[in-house]
Amino acid sequence: MWTRKSVKERGKKAFTLNFWKCVLVALILSIVVGATSNNWGGAFPAFTNGFNNHDVVDTVDDPQDIIDDVSDDEPDFVFNIDTDDLTDEEIAGIIGAIAMIMILCFVVWIVATAIALAVKYFLLTPFEYGCRKFFRKNLDEPAKLSNLVYVFDSHYKNVVKTAFLRDLFIWLWSLLFVIPGIIKSYEYRLVPYIVSENPTMNFKDALAESKKLMQGNKWKTFVLDLSFIGWDILSLMTWGFLDIFFVGPYKASTDAALYETLKYGIDAK
C-alpha cells in the first residue's frame, strides 16, 4: 500500500539529484501542457478587445443614465429598413449573404481547430510524452535530455494515435458533465508512462493497463494532487519563480514515482 509521503519523497529525491535538467524539462512540460490544454471543447478563447463589462459600467455615474439617454434621444446610428420596399430577389440576396458569412465563419473555425489539433498531436504532445519518460528514467539514474524526443525516433504514429484517442475519450466522457471527464482523466493518467516503456503497445491495451493500475487509486491520486496546493499558493506569491525552480519538477517527478509505485510496487528509497 503506497502513501503520499513515500511517493513524494522519492520524486523530490530524484529531481534534486539532477536538478538543472529537471528544471528545464519541467519548464518545457508546463509550456507544452499549457499550450495544449484547451484544444478540446474550446480551442480558442473569445477575444474581448481589451475591455469587459466593468469597464462599460465604470464610465458612467449611474447605469440608469444609459436608459434615460436612450429613451430621450434617438440614436443617430439606427437604420430603419422597410422590407416592403424590397423585392423578393433582394430579400433572398440578403438572406443568402448572411448565410454565406455564417458558413465562411464556420469553415474558418473548422480549419483553425484542425490546425490547432494537428500542432498539438503531431508536435507538442510527443514532447509531453518525452518529458514524462525523462522523469520516469530519472527516478533510477540521472536522465538524459535525449528522452524528450524519443517519440520522434520510436513508433511516432502509434504514440500520436494513442495520445489522440486517450484525450478524445476523456473529452467525450466530459460531455456527460464534468465529473465523468475528471474520473476518466485520472483513469488514463498513466498512459504516457506506459507508452514510454512500450511504444508499440496498442492504444486499447495502454488504456486498459492505465485503468487497471489506477483502480482503487484514483481518489488517493486526487488527494496527492491536492497536497501540492500549499506549494501552488507559494508559487503565485513568487510570481511563478518557485514553480519553475522547484514545484514544477517536484510535481512531475512525483507523478513518475507514482507510476513506478503502482506498476512495480517500488517504494521510496
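**Pocket, core and aromatic pairs**

The largest pocket has a volume of about 1200 Å³. The model it belongs to is a predicted one. The lining of this pocket is made up of 37 residues. Those that lie nearest the centre of the pocket are V33, E128, R132, R166 and R189. By class, 16 residues of the lining are nonpolar, ten are polar and eleven are charged.

At least two lining residues come from each of α2 (19-36), α5 (88-138), α7 (156-174), α8 (178-187), α9 (191-197), α11 (218-226), α12 (229-237) and α13 (241-264).

Next comes the nonpolar core. The largest such core holds 48 residues, and Y129, F135 and L190 are those with the most contacts inside it. Two or more residues of this core are given by each of α1 (4-17), α2, α5, α6 (150-153), α7, α9, α10 (203-214) and α13. Helix α13 provides the largest share, with nine residues.

When its neighbours within four places in sequence are left aside, L190 is in contact with S210, L213, M214, Y259 and L262.

The aromatic rings are the last topic. A pair of aromatic rings is described by two values, the distance of the centres and the angle of the planes. The model has 17 aromatic pairs. In one of them, F152 and Y156, the ring centres are 5.6 Å apart and the planes meet at 25°. Planes under 30 degrees apart count as stacked, so the pair of F152 and Y156 is stacked. F152 has a relative accessible area of 34% and is therefore partly exposed. Y156 is also partly exposed, with a relative accessible area of 24%.

W231 and F246 form a tilted pair, at 4.8 Å centre to centre and with 50° between the planes. This pair links distant parts of the chain, since W231 is in helix α12 and F246 is in helix α13, 15 residues apart. Is each of these two residues buried or partly exposed? The cut-off for buried is under 20% relative accessible area. F246 has 19%, so F246 is buried. W231 has 29% relative accessibility and so counts as partly exposed.

W231 and F246 also belong to one aromatic cluster, together with F15, F19, W20, F228, F245 and Y250.

Conventions
Residues numbered from 1 in each chain as written. Predicted model: local features only at pLDDT ≥ 70, side-chain atom pairs only at ≥ 80, totals over all residues. Heavy atoms only, no water. 1 Å grid on protein atoms, 1.4 Å probe; cavity = no way out; pocket = protein on both sides within 12 Å on 5 of 7 lines; lining within 4 Å. Points joined across faces, edges and corners; volume = space filled by probe spheres on them. Helix = DSSP H or I, 4+ residues; strand = E, 2+ residues; numbered from the N terminus. Nonpolar A, V, L, I, M, F, W, Y, C, P; charged D, E, K, R; others polar. Core = buried A, V, L, I, M, F, W, Y, C linked by side-chain atoms within 4.5 Å. Buried < 20%, exposed > 50% of the residue type's maximum accessible area, 1.4 Å probe, protein only. Contact = heavy atoms within 4.5 Å. Phe/Tyr/Trp six-rings, centres within 6.5 Å; stacked < 30°, edge-to-face > 60°.
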